[in-house]
Amino acid sequence: MIQGIKNIFTTEQVEQAQKLYASLSTEQKLWLSGYLAGLNQSGGLLESDLVNGVNGQISVNSAVENELNLTILYGTHTGNSKILAEQTLEIAQQRGIKATALSLQEYKVRKLKEEQNLLVIVSTHGEGEPPASAEDFYNYIFGKKAPKSLNVNYAVIGLGDSSYAKFCQTGKDIYQQIGVLGAQSIHDLVELDVDFTDQIGDVLPTIVDNFQKASGIEVKPEQENVATKKLGLNEWVEVEVLEKVLLNGKGSDKETYHIELDIEDAGLVYKAGDALEVVAVNDYELVDGILSVLDIDRKEEILQGEKSISIEEALTSSFELTVITRPVITKYAERANIKELDDIIGDEERLQEYLYGRDILDLINDFPIDLKAEELVQLLRKLPPRLYSISSSYELNPDEVHITVGAVRYNLNDRDHNGVCSGYLADSIQEGSTVKVRVKPNLGFKLPEDEKAPIVMVGPGTGIAPFRSFLQEREAKESEGRNWLFFGDQHFETDFLYQTELLQYRKEGLVNKLDVAFSRDQEEKVYVQDRMQENGEELYNWLNEGAHFYLCGDMKRMAKDVKETLLQIIKQYGNLSEEQANEYFKNLKSAGRFQEDVY
């Protein structure tokens with residue numbers, strides 16, 4: 001076939017076609033694909049016959065076969081990327097496309113240069129980091145062993161939370177880097193927020209359309225803009241609060257609640273390490289303050305979907321008010337046209353400093369503008385549910401699910417601020433109340449399959465939640481593996497969460513080692529990483545004996561410090577160089593023996 005093309009076209013014509021194709025926009029290339037596909041229907045050549053090539057070697061698709069191969073790769077922490085990958089796979093297969101979907105963790109990176117069409121669906125974890133399942137792929141495409149040039153059509157869907165500074169950063173990085181390696185984008189980067197089920201619309205079918213067009217395959221009219229069916233998420237269920245207990249003692253600066261929910265007839269099933277999504281309700285005083293400062297009648301009706309509801313009801317239950325995201329402040333600034341606000345948005349450091357802790361009422365007070373009810377809701381983000389690590393084991397008690405909630409409270413701009421869901425659960429929910437919940441799988445935070453494997457758990461504050469679940473699970477299954485827990489908080493007397501249970505577990509032998517750090521019980525603060533360092537040699541021995549290491553809690557400070565301490569322990573007691581210690585740590589993560597759930 002290659003020789004046949006050379007007989008039809010001169011080398012100069014082939015080079016000119018390649019240069020022309022490289023200069024086209026995505027839209028122009030897709031149009032050209034369709035045009036050449038039309039020629040192909042009457043025996044003409046495929047687009048790829050003319051313009052695909054690397055270093056003078058022409059890559060040809062058979063005009064007779066006209067078959068599309070699509071590889072869908074997903075990197076996920078909670079499972080959303082996998083859901084979208086499976087949905088795309090179904091759309092592709094319905095169209096007769098030869099498609100496969102698999103985790104980035106399972107993907108053999110050496111196959112990348114052989115791909116014809118590639119869709120990557122990936123979430124962003126922590127502060128702009130790839131999820132553990134995507135780390136090897138991420139490092140590969142940015143490393144020295146990455147292909148020098150890729151001859152592949154590709155698209156990337158990024159998932160994230162726009163309340164974070166590095167929204168969809170992993171998706172952005174992968175999209176850019178695959179392009180740098182020479183691949184051809186068939187769709188702009190797709191960035192999905194936490195309410196992606198509302199955003200996804202026709203995105204998946206459109207991406208499949210574009211892969212077909214870019215491969216010279218005609219998209220039949222009945223295939224275009226096929227709406228995706230309902231994604232495979234659990235249904236919301238309304239459950240009753242059985243028990244609500246304040247875990248902190250009198251005089252504590254913290255307010256942490258243990259909440260037990262009745263799921264006996266709810267049909268919910270969960271695994272140790274999973275999270276529970278809770279539907280939040282905004283605080284009445286915050287809603288009232290926003291409506292008052294904007295002089296909007298709380299009874300004024302606005303259209304939500306196909307029905308009209310009052311603006312008060314909409315703000316209470318449907319829109320994010322306690323957090324300002326970048327898209328929200330950007331839309332607000334466009335409406336306000338205030339130079340000082342524009343200057344803040346134009347400076348990343350100032351923007352993040354401004355956004356931290358402020359809510360919508362702060363924004364309106366800082367930069368007043370006139371807004372009608374409909375204009376206000378058009379600026380706002382939908383109110384996403386809040387995630388809480390489940391602190392109970394289904395194996396031990398299948399009729400209940402427990403969560404551990406730290407109430408977020410602070411004063412800013414001479415106003416008291418509360419976390420939307422933690423405030424709701426702390427102030428508005430009592431025993432006998434009902435809340436809407438659903439289980440959120442946490443695929444990257446699971447107990448080892450080998451029940452004899454030892455585990456090390458580091459969970460200060462509310463980070464203890466999943467480890468209570470782990471311990472209950474191991475108790476229920478009578479697992480033989482050793483368990484070591486590091487717990488920390490401010491004061492022993494008031495902040496030792498689940499103290500009675502943990503001490504009983506230690507007495508019974510379920511917890512083999514329990515190391516605690518209460519930072520403010522002495523002049524010099526002591527944290528969980530200090531306890532790790534004190535037990536460094538034994539901790540390293542546990543790792544060498546196959547222990548799995550788990551970390552849960554604050555992402556910005558604690559998690560970073562714990563990981564740095566773990567690296568130093570590996571380096572010191574393994575007598576390793578910095579490079580060797582990093583490789584040891586990388587191997588722990590690749591083997592699923594280092595897992596974190598940070599927030």
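User: Where is Pro385 found in this predicted model?

Analyst: In this predicted model, Pro385 is found in the loop between helix 16 and strand 14 (386–389).

User: Why is Pro385 called partly exposed?

Analyst: Its relative accessible area is 24%. Buried means under 20% and exposed means over 50%, with partly exposed in between; Pro385, at 24%, is therefore partly exposed.

User: Which residues does Pro385 touch, leaving aside those up to four places away in sequence?

Analyst: Pro385 touches Trp236, Glu277 and Val278. Contact here requires heavy atoms within 4.5 Å. As for Lys436, it is 51 residues from Pro385 in sequence and 9.5 Å from it in space, C-alpha to C-alpha.

User: Why is Glu478 called exposed?

Analyst: Glu478 has a relative accessibility of 68%. The limit for an exposed residue is over 50%, so Glu478 counts as exposed. Glu478 is placed in the loop between helix 18 (465–477) and strand 20 (483–489), and its phi is near 55 degrees, a positive value in a residue other than glycine.

User: What makes Tyr498 count as buried or exposed?

Analyst: The relative accessibility of Tyr498 is 8%. Since buried means under 20%, Tyr498 counts as buried. Tyr498 lies in the loop between helix 19 (492–495) and helix 20 (499–508), and its phi is likewise positive, near 55 degrees, in a residue other than glycine.

User: How do you know that helix 9 is largely enclosed by the rest of the structure?

Analyst: Ten of the twelve residues of helix 9 are buried, so the helix is largely enclosed by the rest of the structure. Among the buried residues are Val203, Leu204, Ile207, Phe211 and Ala214, and also Asp209, Asn210 and Gln212.

User: What makes the span of helix 9 close to the expected one?

Analyst: Helix 9 (residues 203–214) reaches 16 Å from its first C-alpha to its last, close to the 16 Å expected at 1.5 Å a residue. Helix 9 is followed by Gly216, whose phi is positive, near 75 degrees.

User: Which residues have the most contacts inside the largest nonpolar core?

Analyst: The largest nonpolar core has 37 residues, and those with the most contacts inside it are Ile290, Leu315, Ile329 and Tyr332. Elements giving two or more residues to this core include helix 10 (284–293), helix 11 (311–317) and helix 12 (326–336). Helix 12 gives the most, with five residues.

User: What does Ile290 touch, not counting residues up to four places away in sequence?

Analyst: Ile290 touches Leu315, Leu321, Ile360, Leu361, Ile364 and Leu376.

How values were computed
Residues numbered from 1 in each chain as written. Predicted model: local features only at pLDDT ≥ 70, side-chain atom pairs only at ≥ 80, totals over all residues. Heavy atoms only, no water. Helix = DSSP H or I, 4+ residues; strand = E, 2+ residues; numbered from the N terminus. Buried < 20%, exposed > 50% of the residue type's maximum accessible area, 1.4 Å probe, protein only. Expected span 1.5 Å × (residues − 1). Core = buried A, V, L, I, M, F, W, Y, C linked by side-chain atoms within 4.5 Å.
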